[in-house]
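This report concerns the metal sites of the structure shown below and the setting of one further residue.

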Amino acid sequence: MAYYDILLPVPAGGVYTYISHTPLSRGQRVRVPLASRILTGVVLNEAKELKDGVKYREIAETFEDSTLFTDQFLKLIDAMADYYVNPPGLTLSGTISKSVVESEPCPVPVKKLAAAENLRLNPDQQAVYESIAADHGKFSVHLIHGVTGSGKTEIYIELAKDAIAAGQKVIYLVPEISLTPQMVERISNRLGFEVPSYHSRHTPKKRKEVFWSFAKGEAPVLIGARSALFVPAENIGLIIVDEEHEQSYKQEEAPSYQLRDMAVLYGSILGTTVVLGSATPSLETMHNARAGKYRLHRLLTRHAACMPAMQTVDMKSCDPIDHIISERLYDELSATVQRGEQAILLINRKGYSHTLYCEKCGKTIHCPNCSVALTWYKSRNVTKCHYCASEYRTPHCTHCGSTLTRDYGAGTERVAEVLEQLLGIPVLKLDTDNVTSQSKLSKMLDDFRDGKFKVLVGTQLVAKGLHFPNVTLSAVLNLDNMFSLPDFRAHERAFQLLVQLSGRSGRCEKEGKVIIQTYSPEMEIFDMAMNRPDDFYEFEMQRREAFGYPPVGKLCRLVFSHSREETVHETAQEVKRALASMPSALKVMGPTQAPVYKIRNKYRYSILLKSPDAALLKRAIHLAVTSFNKLGKTAVIMKVDRDPYFFM
Ligand code: ADP
Ligand code: ZN
Ligand code: ZN
């Protein structure tokens, strides 16, 4: 008989001790009783200390094929829990789904594909490839900073081939798995087998198959967003993080974490190569590269294509059609369509209009449950709240009760409608609202590629990694609203969006053009995006240094929420008081009402912790967590968001 520590997916806790009559090994799956439930957990180790007077319970069941979790995977969970100051149980449950952990192994064979396409790297690619390959077999992080279309993907593929040939597994992370069917296909063709992708839109059965095929089966590569990093497998030899700057790598729901950072952390635990790639690296990553923590590789030219010409249109000095489209852009659009080529237009808004107003009292129409303006969808004749997802047939003013409303400004729906009238052709609309399923999205992208539509209008989704040979014009209708967000990364994001969007245009032999409509063309960021992208890092770092923002300073955001405003505020105050004992190198800002101060009828207050010293910040987070727990206000939620990206 022996005692073992078992890790359980219990959000508030995690590690519990049980009795076993048979010897167990680390990483084995077991089923154990907790209160009145039976839970599936993972054996960590033999219990180091036992508490007097505790009556330990017995393990209920061990799985037949029970080894799943590797030592390194468990170290990753442990390191994540430690860094983000979360219970290990929350970290486990947030990274790997219960149904998968409990499932029987069901790997499927790898499907071989006909003759793998071969392609020779050009000299620039070859140099980068060789330099990364030379580091194989030890922990190293590489940043490939290469302009859009410079052939980063081809380098990943060559590195993956080497790892596979050495009998190793490869994790290939992409930010937006829904946009990747064409990419998965391309990589599969190159590698000569069907690469499984891990995907939240897959059926549960398919997800399990993919999970087990990589974890225990013969699949040597797994492509996916987030959860793909958390499929435990032996012998992982390479982790690729494509478009490392992408915001969607940040998981917002608890346990919040930054996937790119976790990939690097995992790489250090595995002792393996991690490759980050981007045309617009995040400031954090550039900072690490400059500091010598990551090795920087540049690709300065597109493979067999040139960079598109970019220009701004000053919206103040023209009279845009329907307040949406400048004459300049309209002319370019018509010419593009007439040449039989295609265009991608970006507007930063979903729905039909920007805002709904009350005709009687002039106030903005808000969601009754959230302090957020509603968005009108003309096509379905509903208004929708983007925070709680409630829909209303007849929205009414929360101030005066009137149902007479008027709308203002344009979203994707309206732009598409205006363009259809102007150009007399159907326009394809792409945003997270109409992309409801993977098959629907694939069909839309196929239709666009096949030329059934000449014009694609969408939200930021359209700036991300799409590759259409016939697109020669891309345009931003308006992103000025980004600059007024309470978010220190607003400029970085706008810059990335502009450069990425330019990457969608003129990908092949045909010359591309990019038009940016703005009310403030004098802003330096436009000139940088158009003419001197390499200056952006220094420019933005000056601002970050001045304010102590990341990557110079480190942040943690604490968000308190509860249905009674007073309770939230008091709780946040108490936590702030507890933090008063910290040294002055830790700045405590707030508590203040969050910019969106009510979501789903829960009031929200936030505290921002800032320090140049990561260790000090961590001590402060620990202090905040202990003092919050001591308050015993179990109905109040305190979200700990270290390295936050979301400030609303
Ligand atoms: P990135 O990932 O940097 O955006 P890609 O790898 O997608 O760039 O390459 C852009 C285009 O150039 C793709 O169509 C790709 O097939 C092509 N390409 C890249 N490298 C080569 C090469 N060495 N030989 C032929 N075509 C290439
Ligand atoms: Zn709402
Ligand atoms: Zn009103």
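In this predicted model, the four donor atoms around the zinc ion (ligand 2) subtend angles of 107 to 114°, so the arrangement is tetrahedral. The coordinating atoms are the SG atoms of Cys-367, Cys-370, Cys-385 and Cys-388, at 2.3 to 2.4 Å. Along the chain, these donors follow the spacing C-x2-C-x14-C-x2-C. Distant parts of the chain are linked by the pair Cys-367 and Cys-388, which lie 21 residues apart. Cys-367 belongs to the loop between β18 (355-358) and β19 (375-377), and Cys-388 to the loop between β20 (382-384) and β21 (391-392). Both Cys-367 and Cys-388 are buried.

The zinc ion (ligand 3) is coordinated by the SG atoms of Cys-358, Cys-361, Cys-397 and Cys-400, at 2.3 Å. The spacing of its donor residues in sequence is C-x2-C-x35-C-x2-C. Because the four donor atoms subtend angles of 102 to 118°, the arrangement around the zinc ion (ligand 3) is tetrahedral.

| Residue | Relative accessibility | Class |
|---|---|---|
| Cys-358 | 3% | buried |
| Cys-361 | 35% | partly exposed |
| Gln-500 | 5% | buried |

Cys-361 counts as partly exposed because its value of 35% lies between the cut-offs of 20% and 50%.

Gln-500 is placed in helix α13, which spans residues 490-502. Leaving aside residues up to four places away in sequence, Gln-500 touches Thr-148, Glu-243, His-245, Ser-278, Ala-279, Thr-280 and Ala-463. With a relative accessibility of 5%, Gln-500 is therefore classed as buried.

Definitions and conventions:
Residues are numbered from 1 along each chain as its sequence is written. Chains are lettered from A and ligands numbered from 1 in the order in which they are written. This is a predicted model: local features need pLDDT of at least 70, side-chain atom pairs count only at pLDDT 80 or more; totals for chains, interfaces and linings use all residues. Side-chain values use heavy atoms; hydrogens and water are left out. Helices (H or I, at least four residues) and strands (E, at least two) are DSSP runs, numbered from the N terminus. Buried means under 20% relative accessible area, exposed over 50%, partly exposed in between (1.4 Å probe, protein chains only). Contact means heavy atoms within 4.5 Å. Donors are N, O and S atoms within 2.8 Å of the metal (3.2 Å for Na, K and Ca); water is not among the atoms, so sites may look incomplete. Four donors count as tetrahedral if all angles lie between 85 and 135 degrees; four count as square planar and six as octahedral if opposite donors are over 155 degrees apart and all others between 65 and 115; anything else is irregular.
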